[in-house]
Amino acid sequence: MRNIFKIHYIKYLLLLILSYNLLSCESLIDIDLPDDQINTEDVFKDINTAKGALANLYVNVRQSSLFNGSYTGLGTIASLHTDDLNPYGQASNSITIANVDIYNGNIVSTNSAITNLWTSSYFHIYAINAFINGLSKSNSISENEKKVMLAEARFLRVLYYQYLTQLFNDIPYTSSTDYNYNKSINKLSQNQLYLSLENELDQIIQDLPIEYRHKDRIFPNKSTAELLLAQNYLLQKKYDKAIIQATNVVNNSVYTLETSLDKVFKKDAKSTIWQLSPSDVNIATLEATNYYFSNKPVTHYLSPSLVSSFEESDLRKQNWIRKIEDNNTIWYHNYKYKNVNNNTDEYSIVFRLEEVYFVLVEAYINQNQTDKASNFLNKIRKRAGLKELPNNLSQEQLKDELLKECRKEFFCENGHRFLDLKRNNKLTLIEQTKPTWNDKHQLFPIPESEILLNTNLLPQNDGY
C-alpha cells in the first residue's frame, strides 16, 4: 500500500490548509481563515483552522470517496455489478470502461474502478489519521471541542473500513501515519475488524452529541453513529444488539418518516440522518448529474429488471423513476434527485430513517419475530401506496419481501442492492438476470498494484 501512504504527515497537513483555501464557498462550515500562509504546526493551535481541516475530510467523502454520487461511487458501481443499472454508449475513460467490465462480469485485479475504491478510501483514511493524530496532540483546543471533532473523524474512519471489508473481506487496518509501518501492514480478518469497529463505535456514540452541529445535518451526531453500529451488528449477526441501537434512532423525535415521497431527498427532509452539502450554492448534487438524462442515456440507465420489479401503483416508481422516450425507444433513469440546475433544496443523503426501519425488519426476521418485522416493513409499503403484507408469512417469505422492498427503496444508493443480498446470502438471485454472475463476484479482487507493493496483502480473494 505504498502509493496510499506515500504522503508524509507534514506534507499532508500543508495540503489540508492549502486545500481549505478552496473551501471559501463551502456550506460545510462557516469560518474565515487568515489570508497569510499558515505554518503546519499551527494547524491545531486554532479552532477555526482545525475545523477547516475537518471540513476537508467531509469534502473527501462527498467528492471522491466510495460514497460519492458520481459514476466512480459505489452507488453506480455496485448497481452495475448487480442488476439495477445497465451501461450505455461508448465508455470514455478508464473508470467507465472498468464499470462496463464490472457489469459484464469481466472483473480482474487490475480493474481501475475497483482499484479506485480501494486507493481513494485508504488515502482518505490516511488523511483522517493525520487529523486525529494532529488534533490529539494539540494543547490549544479545549478538551470538549476536541472530543466532538475527534469523534466525527473516527466515525468517518469506521465508515470507510466497514464498507471496505464488505467489498474486499480481510483488509489492512491502521490508525497510523507512519509510512514504513503502513507500507508493509498485514490484513486483519473481517471478524476481528467488525469487532474492533464495534468497540470504536461504542466510544464514538458516547462522544458525539445528540444535537447536530449544523441545522442541515451535514455532520454526524449520536444517532448517525448508532445506525452505523446497528449495521455493524447485522453484519456480526448480533441481532438483539442491532435492535437496541436501531430502536434508539427510531425513538429520537428529531426523525420522522416523510409521508410524501417528493420530500425524501430534499435537504430539509425530516427522515434524513446524515447528508453532505454540495460544493456551492445552486450546484447540483453528484447524484443528480450522474443519473439524469433528457433524451437518451449518457453512461447508464435503470435496468428493465429493476423497473419491472415495481408495481404500477408504487408511488416510488412514479416519483423516483423518470421515463424517457426517444425514437420509439424507452429508457428510465434514477430521479430521486431532481435538480440538475439551480439546486437550492437538495443535498446528498448518506443515511436516512428508512435504513433504520430495514435494520429492524432484518433483525426481527432473524429472531423470528415476524409480527414486528412486518409492522416496520408495512410502514414503508403503505407510504409507497402498496397493500400491507399478510401477517401469516413465514420467516423465509418475509425475508424475500424484505429484499424486494430494499431494492425498490434504496436503488442506486451506496451499494444497497449488492450488500443487502450478500448479507442475507441471496446473491444467487442475480443469476436470474445476469448469466455472467459467478460466486467469486461476492467479493472484489484486491488491486494487483497494491499487492505488488505489499505482498502481505496476499492471498488474493478466491477466483482472482
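First, the ground rules. This is a predicted model, so local features need pLDDT of at least 70, side-chain atom pairs count only at pLDDT 80 or more, and totals for chains, interfaces and linings use all residues. Residues are numbered from 1 along each chain as its sequence is written, and side-chain values use heavy atoms, with hydrogens and water left out.

Start with the helices. Helices here are DSSP runs of H or I with at least four residues, strands are E runs of at least two, and both are numbered from the N terminus. Helix H4, residues 94-104, packs with helix H5, residues 112-136. The angle is about 110 degrees, and the axes are 7 Å apart. Axes are lines fitted to C-alpha atoms over the stretch in contact, with angles from 0 to 180 degrees between N-to-C directions. H4 and H5 are therefore roughly perpendicular; that label covers 65 to 115 degrees, with under 35 roughly parallel, over 145 roughly antiparallel and the rest oblique.

Who touches whom? H4 brings Ser94, Ile95, Ala98, Asn99 and Ile102, and H5 brings Ser112, Ala113, Ile114 and Asn116. Contact means heavy atoms within 4.5 Å.

Now the salt bridges. The criterion is a side-chain nitrogen of Lys or Arg within 4 Å of a carboxyl oxygen of Asp or Glu. The whole structure has 30. For accessibility, buried is under 20% relative accessible area, exposed is over 50%, and partly exposed is in between, with a 1.4 Å probe and protein chains only.

Take Glu143 and Lys146. Their N to O distance is 3.4 Å. Both sit in helix H6, residues 143-168, three residues apart, about one turn. Glu143 is exposed at 58%. Lys146 is buried at 5%.

Next, Asp345 and Lys266. Their closest N and O atoms are 3.6 Å apart. Asp345 is in the loop between strands S7 and S8, and Lys266 is in the loop between helix H10 and strand S4, so the pair ties together parts 79 residues apart in sequence. Asp345 is partly exposed at 28%. Lys266 is buried at 16%.

Last, Arg383 and Glu409. Here the closest N and O atoms are 3.0 Å apart. Arg383 lies in helix H15 and Glu409 in helix H16, so this pair ties together parts 26 residues apart in sequence. Arg383 is buried at 8%. Glu409 is buried at 0%. Both belong to one network of salt bridges that share partners, with Asp314, Arg316, Lys336 and Arg352 also among its members.
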